[in-house]
Amino acid sequence: MTNSTIQELIKLHRSAIDSPHAEQIRGDFEKVLEIFVAANYPEGVEGNTLMCSIHDSFPSHHSCIACNLQDNVRLLERFLLQAGNVSDIHFTFTTFLLLLYLIGERIQVYIEMAELPESYRLQHFGVIQEIRHWANFIKHPKAFMLVVHPQWEYEESVYESSSRATKGRVTIDTAFVKDNYRHEADNKALEKVLARQNDVVVLFPNPVNLMSRFVEMQQRFIGLISENKFVRDMLERRTKERHEQVDPTKRRGTRPVDTHIGAE
């Protein structure tokens with residue numbers, strides 16, 4: 001009984017992958033992968049990754065910043081390499097946004113260590129905040145749990161582009177999560193909007209645009225370290241390792257063989 005059920009589930013999953021709707025999702029996430037690889041592998045697969053290039057700013061010692069960030073970028077990489085199998089908007093965007101969130105929150109830790117002004121953070125690293133709001137919606141749905149069968153879509157998808165997508169409907173988009181999924185947002189007010197609603201659409205951000213802005217933020221963070229001595233000195237004081245001896249396989253962006261793109 002169990003084996004037959006598993007086979008039926010696999011069959012259903014494969015039929016979903018072959019649907020016309022899934023073709024657009026796959027096409028968009030293949031573009032996301034291209035943007036990710038171009039930014040995060042500026043020297044090709046065998047060279048330093050973008051995050052590992054942080055080591056160049058700290059030539060006197062091994063930097064935990066590079067390795068800690070690369071570990072989480074690698075999780076996103078592994079997900080995006082499976083772009084050919086995505087078919088479900090809800091699953092795909094939940095995973096995608098949470099993986100971006102993990103990277104963004106870790107970059108935010110170092111930004112806070114550098115004691116950058118809040119206005120500067122919002123101007124140059126605002127995409128982290130945007131992703132955090134979406135992650136809050138996913139992790140802490142609050143009154144959204146009172147919605148009946150929401151529709152899951154994303155900006156500029158075939159469905160969203162049609163006039164029937166959001167007209168007259170409660171639409172949970174980037175502006176909505178910014179207003180309602182900040183830390184201090186009022187859940188009682190949100191409940192008045194969402195409770196028992198059966199015509200709600202969740203409109204995720206366009207993944208291609210979001211990935212473009214995210215890698216620009218990554219590059220801006222690298223530039224902040226390499227070009228700003230004050231920031232570099234602040235981070236060096238906080239992150240310089242206590243012991244001089246470092247495993248050479250963990251230095252300068254060296255990666256285990258099985259984490260390269262295309263590894264089996």
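This is a predicted model: local features need pLDDT of at least 70, side-chain atom pairs count only at pLDDT 80 or more; totals for chains, interfaces and linings use all residues.

Reply: Along its course H5 bends by about 85 degrees, and the bend is placed at Phe-125. Phe-125 is itself one of the buried residues of H5, which also include Arg-121, Val-127, Ile-128, Glu-130 and the run from Ile-131 through Arg-132, His-133, Trp-134, Ala-135 and Asn-136 to Phe-137.

The cover over these buried residues includes the helices H4 (89–113), H7 (174–180) and H9 (207–227), together with the strands E1 (151–154), E2 (170–172) and E3 (200–204).

Between H5 and E1 runs a loop that contains Lys-142, a residue that has a positive phi of about 55 degrees although it is not a glycine. Lys-142 counts as partly exposed because its relative accessibility is 27%, a value between the 20% and 50% cut-offs.

H9, one of the covering helices, also meets helix H10 (residues 229–239), and the two axes come within 5 Å and cross at roughly 90 degrees, so H9 is roughly perpendicular to H10. In this contact Leu-224, Ile-225, Ser-226 and Glu-227 of H9 meet Lys-229, Val-231, Arg-232 and Leu-235 of H10, and the residues involved divide into four nonpolar, one polar and three charged.

Notes
Residues are numbered from 1 along each chain as its sequence is written. Side-chain values use heavy atoms; hydrogens and water are left out. The bend at a residue is the angle between axes fitted to the seven residues ending there and the seven starting there. Helices (H or I, at least four residues) and strands (E, at least two) are DSSP runs, numbered from the N terminus. Buried means under 20% relative accessible area, exposed over 50%, partly exposed in between (1.4 Å probe, protein chains only). Contact means heavy atoms within 4.5 Å. Axes are lines fitted to C-alpha atoms, for helices over the stretch in contact, and angles run from 0 to 180 degrees between N-to-C directions. Angles under 35 degrees count as roughly parallel, over 145 as roughly antiparallel, 65 to 115 as roughly perpendicular and the rest as oblique. Ala, Val, Leu, Ile, Met, Phe, Trp, Tyr, Cys and Pro count as nonpolar, Asp, Glu, Lys and Arg as charged, and the others, Gly among them, as polar.
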